[in-house]
Amino acid sequence: MSSTLELALFSCLLLGFRHGFDYDHLAAISDITSVQRNWREGMKLGLLYALGHALTVALLGSAVIFLHLSLPAHLDALSERLVGATLILLAIYVLVTFLRRKPGSEHHHPIPRSRIALLISGARYTSWQVRRRFNPSTPQPEPFAFQYNRSSVFVVGIIHGLGAETPSQLLLFLLAANLGGTSRGFIGLLSFIIGLLMMNTLMTASASGIFAGATNRPRIQTVVTSLTAAYSFIIGAIFLFGISDKLPPLLH
């Protein structure tokens, strides 16, 4: 293995580790862990988010390696806005969920539905009222309830993976493939994913520990949760307006 190829593979690992600490990862993992009842649930769902993100990286990286082509430039801009929109929705969900919880009910009261879920339920109910005028036997729809569960956080991770890969990151996989063949390209891709999962595991463990430790301290929990929602909303707005390049790097 040439020194140039070794450097490319090592760069993939470091870049994956660095990428795992991006603004969108920090916001999403904080959002997900902040509304869980204990450290174990936070870890489980936070890691599912990371796995969903890794799946997107694997698919995009494989396409680059096989086709030897970079992704369209406009995909980054479109995906960045999609990530921003999800962060804003997650911020609203976290804040509304926290505010609607009853004091002392963290372990027994079910997590309430978000405003988005209420709006969807309202639309379903309105549609049912219209349809039952023509068909009285039309069954009433069940209330829509979005919650952070395995499927939802995995999908959020997949969406964020679409907006997180810059051309320079993908070109590293292509460089590794050109220097050492397709198999080396996949080693580079695997190195990136390992670095990504390592960082996100550390972040999830830290965030879950912070929120679990604040469960029995209402004032601290209020401050931490409010800051989490505000951070997610601000970062989401920055991504939505396509100015994320103005943000300073979190890791140099």
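Hi everyone, let's start with a pair of helices. Helix α3, residues 39–67, and helix α8, residues 182–213, have axes that come within 9 Å and cross at roughly 160°. Since angles over 145 degrees count that way, α3 is roughly antiparallel to α8. As for handedness, the crossing of α3 and α8 is right-handed. Please keep in mind that this is a predicted model.

Next, the surface. Which residues form a nonpolar patch there? The members are Leu89, Ile92, Phe233 and Ile234, and together they have about 330 Å² of accessible area.

Let me pick out one member, Ile92, which sits in helix α4. Is Ile92 buried or partly exposed? Its relative accessibility is 31%, so Ile92 counts as partly exposed. A residue needs over 30% relative accessible area to join a patch, and Ile92 has 31%.

Now for the charges. Side chains of opposite charge can pair when their charged atoms come close. How many salt bridges does the count come to here? The count is one. The partners are Arg18 and Asp22, with their closest N and O atoms 2.3 Å apart.

How covered are the two partners? Arg18 has 23% relative accessibility, so Arg18 counts as partly exposed. Asp22 has a relative accessible area of 17% and is therefore buried. The cut-off for buried is under 20%, so Asp22 at 17% falls on the buried side, whereas Arg18 at 23% is partly exposed.

Notes:
Residues are numbered from 1 along each chain as its sequence is written. This is a predicted model: local features need pLDDT of at least 70, side-chain atom pairs count only at pLDDT 80 or more; totals for chains, interfaces and linings use all residues. Side-chain values use heavy atoms; hydrogens and water are left out. Patches are made of residues with over 30% relative accessible area and no salt bridge: like charges are joined within 9 Å, nonpolar side chains (Val, Leu, Ile, Met, Phe, Trp, Tyr) within 5 Å. Accessible areas come from the Shrake-Rupley method with a 1.4 Å probe; for residues, only the protein chains shown count as cover. A salt bridge is a side-chain nitrogen of Lys or Arg within 4 Å of a carboxyl oxygen of Asp or Glu. Helices (H or I, at least four residues) and strands (E, at least two) are DSSP runs, numbered from the N terminus. Buried means under 20% relative accessible area, exposed over 50%, partly exposed in between (1.4 Å probe, protein chains only). Axes are lines fitted to C-alpha atoms, for helices over the stretch in contact, and angles run from 0 to 180 degrees between N-to-C directions. Angles under 35 degrees count as roughly parallel, over 145 as roughly antiparallel, 65 to 115 as roughly perpendicular and the rest as oblique. A crossing is left-handed if the near helix is turned anticlockwise from the far one by less than a right angle, and right-handed if clockwise.
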